[in-house]
Structures are given as structure tokens and as C-alpha cells.
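Q: I would like to learn how to read a model like this one. Can we go through it feature by feature?

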Amino acid sequence: MTVKWLKAATVRAIKTAAQTAIATIGTTAVFYEVDWRLVGGTVLLATIMSYLTSLAGLPEVSTDEDRN
């Protein structure tokens, strides 16, 4: 893993976390109460999954750049 990969994976993870938070808050708000523990747990899991998915490869970071 390079610094470039870590930056790209972190940007993806932050975007995933934000999207998940918005979706979870919106879903729980329908029930008139936001369960913040549920939101936090769901966001944490989505962020971890984003990093794990990024291990398979990121289009922003080509393998040729990793070798240099």
C-alpha cells in the first residue's frame, strides 16, 4: 500500500460513510426517532467494508504507479 492508495481509499471511505449516514438517518427518521447507535454502527461497518473493498484495487491508483 502506498500513500496514494491510502489517500484514495480514505476518500472513498469518507464518501461511503457520508452516504450511509444520510441513508440511515433518513430511514430511521421515518420512525420519528433517530437511533444514533444504529447510525454509528452502520457507518462504521460501511467504512470498514469500503477499505476492505479497496484492497481489491482502486481505479484511481493503477498498478503501474504502485511499482514506481
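Q: In which element is the place of Ser54?

A: Helices are DSSP runs of H or I with at least four residues, strands are runs of E with at least two, and both are numbered from the N terminus. Ser54 has its place in helix H2. This is a predicted model, in which local features need pLDDT of at least 70 and side-chain atom pairs count only at pLDDT 80 or more, while totals for chains, interfaces and linings use all residues. Residues are numbered from 1 along each chain as its sequence is written, and side-chain values use heavy atoms, with hydrogens and water left out.

Q: How many helices and strands does the protein chain have?

A: The protein chain has 3 helices and 0 strands. Read from the N terminus, the order of elements is α-α-α.

Q: What pLDDT does the protein chain average?

A: pLDDT is the predictor's confidence in each residue, on a scale from 0 to 100. The average for the protein chain is 83, and 90% of the residues score at least 70.

Q: Where is confidence lowest, and where is it highest?

A: Where pLDDT is low, the predicted coordinates should not be read in detail. Confidence in this chain is lowest in H3, with a mean of 53, and highest in H2, at 90.

Q: Is Ser54 buried or exposed?

A: Buried means under 20% relative accessible area, exposed means over 50%, and partly exposed lies in between, using a 1.4 Å probe and protein chains only. Ser54 has a relative accessible area of 2%, so Ser54 is buried. Ser50 is also placed in H2, which covers residues 36–54, and Ser50 counts as buried because its relative accessibility is 9%. For the protein chain of 68 residues, the buried share is 24%.

Q: Which residues does Ser54 touch?

A: Contact means heavy atoms within 4.5 Å. Leaving out residues up to four places away in sequence, Ser54 touches Trp5, Ala9 and Arg12. With the neighbours left out in that way, Ser50 touches Arg12, Ala13 and Thr16.

Q: Where is the place of Arg12, and what does Arg12 touch?

A: Arg12 belongs to helix H1, residues 3–29. Arg12 counts as partly exposed because its relative accessibility is 33%. Not counting residues up to four places away in sequence, the partners of Arg12 are Ser50, Ser54, Leu58, Pro59 and Glu60. Arg12 and Ser50 are 38 residues apart in sequence, yet their C-alpha atoms are 7.0 Å apart in space.

Q: What do the buried residues of H1 pack against?

A: An α-helix has 3.6 residues a turn, so residues three or four places apart point the same way. In H1, the buried residues include Trp5, Ala9, Ala13, Ala17 and Thr20. The buried residues of H1 pack against H2. Lys15, also found in H1, counts as exposed, at 53% relative accessibility.

Q: How far apart are the end C-alpha atoms of H1?

A: The expected span of a helix is 1.5 Å times one less than its number of residues. H1 has 27 residues and should therefore span 39 Å; its end C-alpha atoms are 38 Å apart, which agrees.

Q: What is the place of Leu58, and what does Leu58 touch?

A: Leu58 lies in the loop between H2 and helix H3 (63–67). Leu58 is buried, because its relative accessible area is 5%. Leu58 touches Trp5, Ala8, Ala9 and Arg12, not counting residues up to four places away in sequence. The C-alpha atoms of Leu58 and Ala8 are separated by 7.6 Å, although these residues are 50 apart along the chain.

Q: What share of contacts joins residues at least 24 apart?

A: Among contacts in the protein chain between residues at least 6 apart in sequence, the share is 70%.
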